[in-house]
Amino acid sequence: MENVLRPVIVVGGSVVLTLVLGWVTDLLLRKAHQRDPDTPLWQLLRRGRVPYQLVLCAGLLRGSYDQAQLIEAHRVGVGRALTLVLIGSTAWMVIHIASAVVEASYSRYARAHHDQARVRRVRTQVSLITRVVAAVVGVVAVAAMLLTFPAMRAAGASLLASAGILGIVAGVAAQSTLGNLFAGLQIAFGDMVRLGDTVVVDGEWGTIEEITLTFLTVRTWDERRITMPVSYFTSKPFENWSRGSPQMSGTVFFHLDHSAPLEEMRDKLRDILRECPAWDGRDYTLAVTDTTPSTMEVRALVTAKDASDIWTVRVTVREQMIRWLAEEHSYALPRVNTADAALPMNGNGNGNGNGQLSPDGAARRPFQPRQAGRG
């Protein structure tokens, strides 16, 4: 009877104690969140119930398994398996706690600061710091798991002795990966590009959607995703429209007839912008920037608070101005002459009555067939 009750008490007691401690901890976190609902830390920590309970259960079973006297023939193997579970669940819980603390700190910082550029920079740094912590904890956990095996402990001395050579070989083999890793850290703390920045890369306009230690994702205006190595942004030039102030100026070009009413166009541009919510009200101008023998180039300069709004302002001005010109001043739109040029009817050699010219510019006479009977 003792051989049956002992394993049941040990295993069942460990499971029950794990559930009770998990419930008590979750209750305390709920009460802390109710007292301070503006702090998201307690709610984020509650999401780590699974790794927390796994650590408790694995630790209790590992400490009391010898008293259970269960599966004595495989006691060493079961104990090592519980140790591996304990190490892995501990690493999982540490990563979750670190992520919760970093995320809560970022949320508090974002609420306290209204500078979106600075908030995006901190967000980029926070995401990369979280990934670095997860990578370090994961490597340490794997190393600890390997050291639980006696064969790996015996090989540790030889591994340390050859660490210098292995480091050189690994550095040469992973040169590109290490370059991207250091480039990711440089982007995170050098404030070159941040999450949410509007950039132009290789002729593609988009927004930075994700930044990791090795790659960066740009979401284009047509919902495509371009994945690029982070080393690209440290070695090649690119346009960052969100650098500094997000305010932008945009241009709209019109090719019109020389008789276009410029003053009335300026008044119409002002009226269009006043009715456009995307215009920030800073500035607008309309001027002739170029001319050709048949048309002139008119440029409208408008402003907006960011890249998205400047696109809206430009298309709105272009559409409404063209419609207004077509309805009110159709003569101002460019015209193409399609009628044939007719020469005057005279006998001075510049015309011949049918409007035809010879290749050298002289008038050509129409072809007349020779009459029969003439020499």
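Me: How much space lies in the largest pocket?
Reply: Happy to start there, and please keep in mind that this is a predicted model. The lining of the largest pocket includes Trp205, Trp221, Trp241 and Arg314. The space in this pocket comes to about 230 Å³.

Me: Which element gives the largest share of the lining of the largest pocket?
Reply: Two elements each supply at least two residues of that lining, β6 (248-256) and α11 (307-328). Ala307, Ile310, Trp311 and Arg314 are among the lining residues, and their numbers fall in the range of α11 (307-328). With 4 residues, the largest share comes from α11.

Me: How many residues of the lining of the largest pocket are nonpolar, polar and charged?
Reply: Arg314 is one of the lining residues, and Arg counts as charged. Ser249 and Gly250 are also in the lining, and Gly is counted as polar. The lining divides into 7 nonpolar, 2 polar and 1 charged.

Me: How much space lies in the second largest pocket?
Reply: This pocket is lined by residues including Gly22, Asp26, Leu45, Arg49, Tyr52 and His96. Its space comes to about 180 Å³.

Me: What classes of residue make up the lining of the second largest pocket?
Reply: By class, the lining has 5 nonpolar, 4 polar and 3 charged residues.

Me: Is Thr220 buried or exposed?
Reply: Thr220 is found in strand β3 (residues 215-220). Buried means under 20% relative accessible area. Because its relative accessibility is 2%, Thr220 counts as buried.

Me: Which side chain makes a polar contact with the side chain of Thr220?
Reply: Leaving aside neighbours within four places in sequence, Thr220 is in contact with Glu204, Trp205, Gly206 and Ile226. The polar contact of the Thr220 side chain, at 2.4 Å, is with the side chain of Asp222.

Me: What separates the C-alpha atoms of Ile272 and Gln320?
Reply: Ile272 lies in helix α10 (residues 262-274) and is buried, with a relative accessible area of 2%. Not counting residues up to four places away in sequence, Ile272 touches Thr316, Val317, Gln320 and Met321. Ile272 and Gln320 are 48 residues apart along the chain, and their C-alpha atoms are separated by 7.4 Å.

Me: Is His329 buried or exposed?
Reply: His329 lies in the segment after α11. Leaving aside neighbours within four places in sequence, His329 is in contact with Pro261, Glu264 and Trp324. Since its relative accessible area is 10%, His329 is buried.

Me: How many helices and strands does the protein chain have?
Reply: The protein chain holds 375 residues, and buried residues make up 30% of them. Among its contacts with a separation of 6 or more, residues 24 or more positions apart account for 62%. The chain has 11 helices and 8 strands.

Note on methods: Residues numbered from 1 in each chain as written. Predicted model: local features only at pLDDT ≥ 70, side-chain atom pairs only at ≥ 80, totals over all residues. Heavy atoms only, no water. 1 Å grid on protein atoms, 1.4 Å probe; cavity = no way out; pocket = protein on both sides within 12 Å on 5 of 7 lines; lining within 4 Å. Points joined across faces, edges and corners; volume = space filled by probe spheres on them. Buried < 20%, exposed > 50% of the residue type's maximum accessible area, 1.4 Å probe, protein only. Polar contact = N/O pair within 3.5 Å; in protein donor to acceptor, adjacent residues only side chain to side chain. Contact = heavy atoms within 4.5 Å.
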